[in-house]
Amino acid sequence: MRFHNLRVVVTGASRPFGRSLAIGFAHLGAEVFVSARTKSAAEVVSGQIEGVACERIHTFGCDLSKPAEIARFARQVGESTDRVDLLVNNGARWLGGVALDDASDEQIVETIGATAGGTVLMVKHFLPLLRNSPRPDIVNMVSVSGLDTDDGSPAHDAFHAAKSAQAGFADVLARRLRPSGVRVMALYPPDFSSSDPSAAEWDGAHHGAHQGDGARPGARHSPRERLTAQALFDCLAFAVDQPRDCFIRSFHFEPR
């Protein structure tokens with residue numbers, strides 16, 4: 001299969017697009033290590049897969065706001081494999097509200113810690129396993145909330161701050177790791193719709209049937225105007241599948 005024997009780590013797997021990533025890579029032959037805030041939430045993903053692909057998904061609990069759990073997650077994956085080929089930092093802590101006092105101090109700190117700090121620590125603890133790979137890639141799911149062009153967003157300022165930190169981290173990481181052969185990519189999707197990822201193939205699925213992670217609460221776009229999870233996954237898979245001398249730094253998307 002296309003990604004036979006690829007070792008993939010995906011955070012935020014209980015979220016719609018995290019689930020799509022896990023199931024998509026598993027159906028393409030990859031061995032996938034997924035995490036959610038609790039192990040039971042991550043196990044829901046493997047329960048949605050039919051056939052031999054379900055044997056390729058391994059579930060873990062990991063709260064990205066807790067450094068000790070991130071270190072434990074990396075250690076547990078290292079006990080199952082000697083390398084990681086692809087790390088997808090998909091996990092993020094959503095926080096809504098257009099005024100600073102719409103959220104408590106604890107919510108603000110947790111949002112920035114889990115989203116930005118969690119991404120940094122995931123890379124730190126998984127980098128040794130990535131360096132063991134002949135084709136190491138890191139993908140950061142940032143979203144347009146990490147840019148200064150996301151007008152009318154219902155996201156709290158702390159969420160925008162966290163996503164902006166992710167974007168800055170991806171940028172400096174790409175420059176510093178490229179000489180060692182580790183490719184780093186950032187994706188900046190707007191609101192997007194998620195087709196049902198439980199089927200073995202997405203082809204022919206009704207795009208726009210479900211709301212995905214990128215479809216933020218209160219978004220004004222109709223389903224047919226939003227990017228689909230299948231298209232987003234295809235872009236990511238395309239970039240990962242390119243020869244090592246092809247370095248795709250980022251994908252920026254606009255609503256149709």
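A residue counts as buried under 20% relative accessible area, exposed over 50% and partly exposed in between, with a 1.4 Å probe and protein chains only. By that cut-off, 53% of the 256 residues in the protein chain are buried. Before going on, note that this is a predicted model, where local features need pLDDT of at least 70 and side-chain atom pairs count only at pLDDT 80 or more, while totals for chains, interfaces and linings use all residues. Numbering starts from 1 along each chain as its sequence is written, and side-chain values use heavy atoms, with hydrogens and water left out.

**The whole chain**

Switch to cartoon: the protein chain has six helices and nine strands. Both are DSSP runs numbered from the N terminus, helices being H or I with at least four residues and strands E with at least two. Contact here means heavy atoms within 4.5 Å. Of the contacts between residues at least 6 apart in sequence, 76% join residues at least 24 apart.

**Helix 5**

Select 157-177. Helix 5 has 21 residues and spans 30 Å from first C-alpha to last, close to the 30 Å expected at 1.5 Å a residue; the expected span is 1.5 Å times one less than the number of residues. Now colour its buried residues, among them Phe159, His160, Lys163, Gln166, Phe169 and Leu173. What covers them? The cover includes helix 4 (105-131), strand 5 (137-141) and strand 6 (183-188).

**Helix 4 against helix 5**

The axes of helix 4 and helix 5 come within 7 Å and cross at roughly 20 degrees. Axes are lines fitted to C-alpha atoms, for helices over the stretch in contact, with angles from 0 to 180 degrees between N-to-C directions. The two helices are therefore roughly parallel; that label covers angles under 35 degrees, with over 145 roughly antiparallel, 65 to 115 roughly perpendicular and the rest oblique. Show side chains for the contact, including Ile112, Val123 and Arg131 of helix 4 and Phe159, Lys163 and Leu177 of helix 5. By class, this contact has 13 nonpolar, four polar and two charged residues. Ala, Val, Leu, Ile, Met, Phe, Trp, Tyr, Cys and Pro count as nonpolar, Asp, Glu, Lys and Arg as charged, and the others, Gly among them, as polar.

**Helix 3 against helix 4**

Keep helix 4 and bring in 67-80. Helix 3 and helix 4 have axes that come within 9 Å and cross at roughly 25 degrees, so this pair is roughly parallel. Look for Phe73 and Val77 of helix 3 and Met122 and Phe126 of helix 4, which are among the contact residues. The contact divides into 10 nonpolar, three polar and no charged residues.

**Helix 1 against helix 6**

Next, select 16-27 and 229-240. Helix 1 and helix 6 pack at about 55 degrees, with axes 10 Å apart, which makes helix 1 oblique to helix 6. Phe17, Ser20, Leu21, Gly24 and Phe25 of helix 1 meet Ala229, Leu232, Phe233 and Leu236 of helix 6. That contact has seven nonpolar, two polar and no charged residues.

**One loop, two residues**

Last stop: the loop between strand 5 and helix 5, where you'll find Val144. Is Val144 buried or exposed? At 12% relative accessibility, Val144 is buried. Ser153 lies in the loop between strand 5 and helix 5 and is buried, with a relative accessible area of 12%. Its C-alpha is 8.1 Å from that of Val98, 55 residues apart along the chain.
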